[in-house]
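The sequence and structure are shown first.

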Amino acid sequence: MPVPKAELHLHIEGTLEPELAFALAARNGVTLPYADTAALREAYSFSDLQSFLDLYYNLMAVLRTAEDFTELADAYLERAAAQGVRHAEIFFDPQAHTARGVPIGTVIEGLGASLDRSEERYGISTRLILCFLRDESAESALATLEAAKPYLRRITGVGLDSAEVGHPPAKFREVYEEAARLGLRRVAHAGEEGPAAYVREALDVLGVERIDHGLRCMEDPELVDRLARERIPLTVCPFSNVRLRVIDTLADHPLPAMMAAGLLVTVNSDDPAYFGGYVGDNFDGVRDALDLDPEQLRELARNSFLASFLEDDEPRRARYLSEVEAHTFGEG
Ligand SMILES: Nc1ncnc2[nH]cnc12
Ligand SMILES: [Zn+2]
């Protein structure tokens with residue numbers, strides 16, 4: 001049995017498996033530039049973040065109706081449940097859909113229909129985090145937040161993703177200020193390909209409560225001390241880091257060094273359909289490649305709930321944490 005865990009860094013569009021992509025393409029009359037699922041899978045060889053993003057955005061063309069988004073989320077939740085996920089805080093990229101003429105309401109209500117029955121069907125509590133594309137303009141991010149206002153009851157927080165280098169967090173100061181005024185939680189990708197300075201800026205200028213990835217903080221010991229002291233969670237994605245060539249191999253991953261430095265790190269899957277595994281696979285991968293012992297794995301699982309946005313339901317968080325403490329580690 002896999003250890004109970006929360007997944008806090010998961011792009012729902014990154015769970016689009018080739019089989020579902022082809023099924024949706026057929027249903028929606030979209031032609032994909034790949035002969036079949038095997039040919040598509042062969043394209044999953046990336047040289048960096050941008051080479052992945054190009055394919056990731058192109059494949060979204062198959063997502064058109066609310067039902068498509070519902071099916072996408074259902075498929076993720078079913079897989080996540082099988083890997084021990086009890087709570088999921090799910091990113092989505094509205095601008096990638098509105099740019100193709102899919103209304104934001106279609107996206108949010110489609111995802112929402114799946115999330116509404118997630119607990120009952122899959123035993124997973126959920127939150128939704130709206131991400132701004134940092135390679136689009138600040139004005140576009142503001143317009144996206146404005147368009148999301150009728151749906152805010154479904155949205156817990158905002159995030160920042162897409163091509164990092166050259167798009168520093170400060171570009172989005174205004175939209176994060178507005179998100180804070182609306183009572184939204186704030187996170188941002190930083191220090192994935194971009195420098196440690198972007199991590200600092202996300203904290204100081206955007207007021208984020210969690211850093212997504214954050215790996216490159218390790219180049220700045222003062223920043224590491226601060227992140228540890230302030231208990232700022234880092235949502236690390238080991239398979240993603242290897243596939244996007246942020247690190248060479250899993251055995252080189254700084255995860256153990258991050259834990260030893262006292263950082264509140266969590267393990268996540270990022271875009272599991274593209275990077276070779278879901279969150280339980282990432283746990284197994286780091287366990288094997290980095291020789292993590294059961295107490296380290298328990299710490300990672302515990303951290304996932306401590307770092308989650310469950311402040312509105314502390315009894316639930318306490319229940320999940322006691323499941324972690326009661327877990328017996330065997331092979332998983
Ligand atoms: N790993 C990642 N980094 C930045 N943007 C993303 N969008 C989806 N996955 C991403
Ligand atoms: Zn990500």
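## A loop residue and the basis of the model

Glu136 lies in the loop between strand 3 and helix 8; helices (H or I, at least four residues) and strands (E, at least two) are DSSP runs, numbered from the N terminus. With 18 C-beta neighbours inside 10 Å, Glu136 counts as partly exposed. A residue is buried if 20 or more other C-beta atoms lie within 10 Å of its own, exposed if 12 or fewer, and partly exposed in between, with C-beta atoms placed from the backbone. Leaving aside neighbours within four places in sequence, Glu136 is in contact with Gln95 and Ala141, where contact means that the C-beta atoms, placed from the backbone, lie within 7 Å. Glu136 and Glu193 are 57 residues apart along the chain, and their C-alpha atoms are separated by 18 Å.

The model is predicted: local features need pLDDT of at least 70, side-chain atom pairs count only at pLDDT 80 or more, and totals for chains, interfaces and linings use all residues. Residues are numbered from 1 along each chain as its sequence is written, while chains are lettered from A and ligands numbered from 1 in the order in which they are written.

## Overall fold

The chain has 17 helices and 8 strands. Its radius of gyration is 18 Å, close to the 20 Å that the globule rule gives for 332 residues, so the chain is as compact as a globular protein of that length. The radius is taken over C-alpha atoms, and the globule rule is 2.2 Å times the number of residues to the power 0.38. The C-alpha trace spans about 50 × 45 × 40 Å along its principal axes.

Of the 332 residues, 50% count as buried. Among contacts with a separation of 6 or more, 75% are between residues 24 or more positions apart.

## Helix 6

Helix 6 (residues 104-116) has 13 residues and reaches 18 Å from its first C-alpha to its last, close to the 18 Å expected at 1.5 Å a residue. The expected span is 1.5 Å times one less than the number of residues.

Which residues of helix 6 are buried? They are Ile104, Thr106, Val107, Ile108, Gly110, Leu111, Gly112, Ser114 and Leu115. These buried residues pack against helices 4 (66-82), 5 (94-98), 7 (118-122) and 8 (138-148), and against strands 2 (85-92) and 3 (125-133).

## Annotated binding site

An unreviewed UniProt entry lists His9, His11, His189 and Asp270 under "binding site". Although spread over 262 residues of sequence, they cluster in space, with a largest C-alpha distance of 11.7 Å. UniProt positions are given in the numbering used here, feature names are shortened, and annotations may be inferred rather than shown by experiment.

His9 lies in strand 1 (residues 5-11) and counts as buried, with 31 C-beta neighbours inside 10 Å. Not counting residues up to four places away in sequence, His9 touches Asp212, Thr235, Cys237, Asn268 and Asp270. His189 is found in strand 5 (residues 185-190) and, with 28 such neighbours inside 10 Å, counts as buried. On the sequence exclusion of up to four places, His189 touches Leu160, Asp161, Glu164, Asp212 and His213.

Ligand 1 is surrounded by His11, Gly14, Leu49, Asp161, Ser162, His189, Glu192, Ser240, Asp270 and Asp271; a residue is near a molecule if its C-beta atom, placed from the backbone, lies within 6 Å of it. By class, this shell has 1 nonpolar, 5 polar and 4 charged residues. Ala, Val, Leu, Ile, Met, Phe, Trp, Tyr, Cys and Pro count as nonpolar, Asp, Glu, Lys and Arg as charged, and the others, Gly among them, as polar.

Leu10 is found in strand 1 and is buried, with 25 C-beta neighbours inside 10 Å. Outside four places in sequence, the contacts of Leu10 are Ala88, Ile90, Phe91, Asn268, Ser269 and Asp270. Leu10 and Asn268 are 258 residues apart in sequence and 7.0 Å apart in space, C-alpha to C-alpha.

## Positive phi

Most residues other than glycine have a negative phi. Arg245 has a positive phi of about 60° although it is not a glycine, and its place is in the loop between helix 12 (238-243) and helix 13 (255-260). Arg245 is partly exposed, with 14 other C-beta atoms within 10 Å.

Asp291 has a positive phi near 60° and is found in the loop between helix 15 (279-290) and helix 16 (294-306). Asp291 is exposed, with 10 other C-beta atoms within 10 Å.

How values were computed: Two residues are in contact if their C-beta atoms, placed from the backbone, lie within 7 Å.
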